[in-house]
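Here are some exercises to work through with the model open beside you. Try each task before reading its solution.

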Amino acid sequence: MPRLLEVESGRVLAPGEILVEGDRISAVGPSVPHQAGAQIIDLGDTTLLPGLIDAHVHLFLHPGAEDLQTVEESVPQRTVLAILAARDDLMAGFTAERDMGTEGAGSADTAVRDAINKGLIPGPRLRISGNAIDILGGHEDANRFNPEQHVLSNATYANSADEIVAAIRQQHKEGSDFVKIYETGPDVMQGGALRTPYQYTAAQLSAAVEEAARFGGVVAVHAMGEPGTLYAAQAGVASIDHATQLSDETMRIMKSKNIPAVPTFAIFEYFMHESAARAAREGPFLEYKIKEFKRQVAAGIPFAVGSDVGPFPHGTQARELELMVKYGMKPLAVLQADMLNGARLLGWSGQIGQLKPGFYADIVAVPGSPLEDITAVEHVSFVMKGGIIERMPQALR
Ligand SMILES: [Zn+2]
């Protein structure tokens with residue numbers, strides 16, 4: 001009989017049973033009513049968890065030259081790959097994700113999200129940003145190409161508060177749920193510390209937050225360090241992604257406004273293993289990031305879990321939870337960051353992230369005990385999303 005983790009309390013029910021009716025959980029406990037005609041699935045020696053949440057993905061990216069793939073591959077071609085990526089993420093146990101920008105595929109993510117919602121293709125529940133927003137010559141612009149070729153940015157240009165508002169309106173018209181803004185870059189290590197210019201002022205980010213709120217949306221930022229991270233916190237963004245360098249004042253605001261940092265260790269680690277040259281460049285960044293992360297954990301700021309998957313293979317990103325444990329968090333704290341803060345960040349509080357009556361039946365099974373060995377989450381054998389079985393263990397097929 002499987003065990004069941006109550007994420008909020010950290011209590012493990014053994015055995016743990018879940019009754020699913022329609023797309024929702026209707027009962028949870030050591031034993032639930034076995035109704036006549038119900039299909040009974042015994043997942044054996046596993047632990048049942050709520051579906052995993054990845055708060056930072058790129059369905060429209062795949063391994064290999066990130067800036068060139070977005071120039072060479074057409075949007076239809078990239079959309080086909082995004083559909084496969086969504087399936088791979090779901091099969092790995094990620095039943096909800098926040099897509100942080102199509103990187104030059106416009107609002108093609110709208111079509112992917114809508115097709116998943118209609119049950120036409122398998123994939124996680126999605127919150128999508130459309131294309132991200134960035135300044136001219138900013139982090140995501142095609143700065144290294146011949147200017148006469150007019151290679152465009154992977155993000156949408158906006159150079160003032162008015163232009164940010166216009167870009168947000170266009171993206172929302174095309175189906176976006178939230179706004180992704182590049183707030184810092186390019187990054188350099190200087191004298192053992194990260195230096196990264198900010199892109200928008202706190203006032204400009206506030207204009208974005210206000211405009212997004214108008215339609216019930218939020219703003220998430222790519223922000224590696226100060227002062228961009230401070231400006232983002234002051235503006236009241238929903239999350240600070242990458243969040244390598246956070247000042248004491250920034251962390252104070254993040255705690256008081258409950259703004260999670262999304263560390264994205266998995267992408268940093270992946271680039272370390274890409275090539276010797278890349279490792280030499282990224283090594284000092286990762287070392288610095290780990291040191292700062294330990295400070296952030298000690299300061300008690302909220303975290304959510306996002307891997308930045310896309311540049312590395314979809315379906316492998318549960319590694320992010322392992323890395324957050326490796327660098328200083330307890331397994332239960334990482335699972336709570338993933339599921340409780342993830343649900344809130346994606347706007348699905350009370351709907352996903354817990355195994356409780358009334359919640360969506362988004363359920364995964366992992367071997368062993370993730371509280372003792374977090375790597376269990378990298379071996380999901382069963383996936384249910386909204387009451388539909390998406391993946392069955394080999395032995396039960
Ligand atoms: Zn990203």
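**Exercise 1.** How many of the eight residues of helix α6 (residues 228-235) are buried?

*Solution.* Start with the ground rules. This is a predicted model, in which local features need pLDDT of at least 70 and side-chain atom pairs count only at pLDDT 80 or more, while totals for chains, interfaces and linings use all residues. Residues are numbered from 1 along each chain as its sequence is written. Helices (H or I, at least four residues) and strands (E, at least two) are DSSP runs, numbered from the N terminus.

Next, apply the burial test: a residue is buried if 20 or more other C-beta atoms lie within 10 Å of its own, exposed if 12 or fewer, and partly exposed in between, with C-beta atoms placed from the backbone. Seven of the eight residues of α6 pass as buried, so the helix is mostly covered. They are Gly 228, Thr 229, Leu 230, Tyr 231, Ala 232, Ala 233 and Ala 235.

Then look for the cover. It includes α5 (202-214), β14 (219-223), β15 (239-242) and α7 (248-257). Just past the end of α6, Gly 236 has a positive phi of about 80°.

**Exercise 2.** In what order do the three strands of the open sheet lie, and which sense does their pairing have?

*Solution.* Two strands pair if DSSP finds at least two bridges between them. By tracing partners you get the order β6-β7-β8, with parallel pairing. β6 (52-57) and β8 (125-128) are the edge strands with a single partner each, so one side of each has no neighbour in the sheet. From one strand to the next, the twist averages 15°.

Now zoom in on one pair: β7 (residues 94-99) joins β8 in the parallel sense through four bridges. Here Asp 99 is found opposite Ile 128 of β8.

Angles run from 0 to 180 degrees between N-to-C directions, with axes fitted to C-alpha atoms, for helices over the stretch in contact. Helix α3 (residues 108-117) lies across β7 and β8, at about 155° to β8. Helix α11 (residues 331-345) lies across β6 and β7, at about 55° to β6.

**Exercise 3.** At what angle do the axes of α10 (residues 319-326) and α11 cross?

*Solution.* The axes come within 9 Å and cross at roughly 135°. That makes the pair oblique (under 35 degrees is roughly parallel, over 145 roughly antiparallel, 65 to 115 roughly perpendicular, and the rest oblique). For the contact itself, Leu 321, Met 324 and Val 325 of α10 meet Pro 331, Val 334 and Asp 338 of α11.

**Exercise 4.** Is His 150 buried or exposed?

*Solution.* Most residues other than glycine have a negative phi, and most peptide bonds are trans. His 150, in the loop between β9 (133-134) and β10 (156-157), has a positive phi near 50°. With 8 other C-beta atoms within 10 Å, His 150 is exposed. Compare Thr 264, which has a positive phi of about 50° but counts as buried, with 25 C-beta neighbours inside 10 Å.

To finish, check the peptide bonds. The bond from Ala 14 to Pro 15 is cis, with omega near 0°, and the one from Gly 185 to Pro 186 is cis too, with omega near -5°.

Definitions and conventions: Two residues are in contact if their C-beta atoms, placed from the backbone, lie within 7 Å.
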